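Hi,

Here is the structure I promised to pass on to you. Have a look at it first, and then read on for what turned up in it.

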Amino acid sequence: MRLSERAKAIKPSPTLAMDAKAKALKAAGEDIVNFGVGEPDFDTPDNIKEAAIKAIRSGFTKYTPVGGIDELKTAIVEKFKKDNNLHYEKDEVIVSCGAKHSLYNIAEALFGAGDEVIIPSPYWVTYPDQVILNDAVPVIAATDEKDSFKLRPELLKEKLSGKTKALILNSPSNPTGLAYDRKDLEMIAEMAVRHDFYIISDEIYEKLTYDGFRHISIASLGEEVKQRTIVVNGLSKSHAMTGWRLGFAAGPKDVIKAMTNIQSQSTSNPTSITQKAAVEALTGPQDFIPKMVSEFDRRRKYMVERLNKIKGVSCITPVGAFYAFPNVSSCYGRKLNGKPVNSSLDLSAYLLEQAKAALVPGMAFGDDRYIRLSYATSMENIKKGLDRIEEALSKLQ
Ligand SMILES: *Cc1c(COP(=O)(O)O)cnc(C)c1O
């Protein structure tokens with residue numbers, strides 16, 4: 001097959017190899033604890049399901065406007081006003097088939113050959129590949145655990161060039177659980193204005209924060225930064241709606257218009273039924289969210305405490321999302337039966353075999369010293385999995 005250069009440039013996700021292995025073991029009857037999951041283990045709330053059923057029954061099953069129905073755009077405009085103190089018009093908003101799809105539309109609308117896009121690492125696995133798919137160059141800014149994995153001004157300055165088109169910011173972050181406070185964001189906003197680059201702000205985890213942390217959208221810091229920011233959000237994580245495929249973005253009118261044109265030639269509108277469910281998710285009762293967050297919080301505390309008690313493991317406390325991101329690099333070089341563990345891939349493979357625990361190697365997120373464990377799984381699973389991990393790591397010599 002003579003594939004395009006573009007298709008050849010995309011690497012298969014290293015997480016998939018692990019996932020395939022975990023699934024094969026599970027299919028073979030093994031009792032695998034899955035810490036690899038990237039979605040809430042809660043069911044979509046009933047009121048949202050009912051809205052979708054009603055949409056089907058009433059025949060709301062046809063094409064809609066490409067960028068979303070008016071009713072949903074109104075609900076999104078209200079959401080930005082209420083949650084983020086952001087004032088958008090409806091033509092500054094687009095609804096897509098997931099936040100990932102909004103992000104992809106942005107990449108197509110903004111990036112091209114020769115453009116550089118700064119991505120702080122550890123990063124969400126999809127960002128660099130979406131940049132590459134649009135012929136631009138990902139410029140990785142490796143952050144430090146000592147800075148709580150935050151992008152510091154000196155590092156950002158170092159990565160800027162005449163070709164810098166955009167910065168992709170993700171707060172709260174997958175995989176680290178870091179979240180930027182107002183001060184951090186002001187510094188980045190100021191640089192974006194001074195050096196005139198776009199900020200793509202992925203805020204999909206905004207509702208999942210702990211210890212009283214309050215999410216701030218960088219776009220809300222002033223008109224100048226707002227003009228350079230595209231805010232991305234969605235319902236997958238906040239309303240346990242990963243399978244429904246609905247996300248949205250807001251930003252300057254011309255970018256949103258270009259994204260809508262691109263969407264009109266690729267997917268067309270997001271599913272009509274899902275859009276009706278999304279209206280209910282955004283405007284109906286929100287009491288589901290704090291309940292889910294308090295359960296995540298309980299698991300978060302337990303997981304981080306347990307991880308830090310394991311010899312060779314240290315884990316900072318995440319303030320958002322639903323992942324722990326422990327540093328396991330002091331296990332590297334240790335062996336079992338003469339076989340050394342030298343990387344996050346080795347360690348993940350080792351834990352899958354020895355502990356029957358599936359997790360994601362840090363290398364997938366651009367930092368080999370770490371592994372990512374999701375706590376979007378039951379407390380019972382978490383306890384069982386951590387007991388096994390602790391035991392397996394104690395065998396390494
Ligand atoms: C899950 C996730 C998304 C994608 O969400 P969808 O709306 O399901 O496409 C985007 N960004 C990050 C960081 C995520 O973890």
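This is a predicted model: local features need pLDDT of at least 70, side-chain atom pairs count only at pLDDT 80 or more; totals for chains, interfaces and linings use all residues.

To get your bearings, domain 1 covers 5-43 + 288-394, while domain 2 covers 62-283. Their centres, taken over C-alpha atoms, lie 26 Å apart. Domain 1 brings 34 residues to the contact and domain 2 brings 31.

The area buried between domain 1 and domain 2 comes to about 2900 Å², and carbon and sulfur atoms give 61% of it. On the domain 1 side, I316, V319 and F365 account for 20% of the area buried against domain 2, more than any other three residues.

There are also 2 salt bridges between the two domains. Elsewhere in my notes is a salt bridge between D135 and R6, whose closest N and O atoms are 3.2 Å apart.

Which helix supplies the largest share of the side of domain 1 that touches domain 2? That is helix 12, with 8 residues. Helix 12 (288-309) and helix 1 (5-9) each give at least two residues to this side. Sorted by class, the side of domain 1 that touches domain 2 holds 20 nonpolar, 5 polar and 9 charged residues.

**A buried serine**

S217 sits in the loop between strand 6 (198-202) and helix 9 (223-226). Is S217 buried or exposed? Its relative accessibility is 1%, so S217 counts as buried. Leaving aside residues up to four places away in sequence, S217 touches N84, L86, E203 and V231. With E203 there is a polar contact from side chain to side chain, at 2.9 Å.

**Backbone details to look at**

- S121 to P122 is cis, with omega near -5°; P122 is in the loop between strand 3 (116-121) and helix 6 (126-132).
- S171 to P172 is cis, with omega near -10°; P172 is in the loop between strand 5 (164-170) and helix 8 (182-195).

N85 has phi near 55° and lies in the loop between helix 4 (70-84) and strand 2 (93-96). N85 counts as exposed because its relative accessibility is 54%, over the 50% cut-off. R245 has a phi of about 60° and belongs to the loop between strand 7 (229-234) and strand 8 (247-250). At 34% relative accessibility, R245 counts as partly exposed.

Happy exploring!

Key
Residues are numbered from 1 along each chain as its sequence is written. Side-chain values use heavy atoms; hydrogens and water are left out. Domain bounds come from an automatic or database domain assignment. Contact means heavy atoms within 4.5 Å. Buried area is the accessible area (1.4 Å probe) that two parts lose on being put together, summed over both. A salt bridge is a side-chain nitrogen of Lys or Arg within 4 Å of a carboxyl oxygen of Asp or Glu. Helices (H or I, at least four residues) and strands (E, at least two) are DSSP runs, numbered from the N terminus. Ala, Val, Leu, Ile, Met, Phe, Trp, Tyr, Cys and Pro count as nonpolar, Asp, Glu, Lys and Arg as charged, and the others, Gly among them, as polar. Buried means under 20% relative accessible area, exposed over 50%, partly exposed in between (1.4 Å probe, protein chains only). A polar contact is a pair of N or O atoms within 3.5 Å; within protein, one must be able to donate a hydrogen and the other to accept it, and residues adjacent in sequence count only if both atoms are side-chain atoms.
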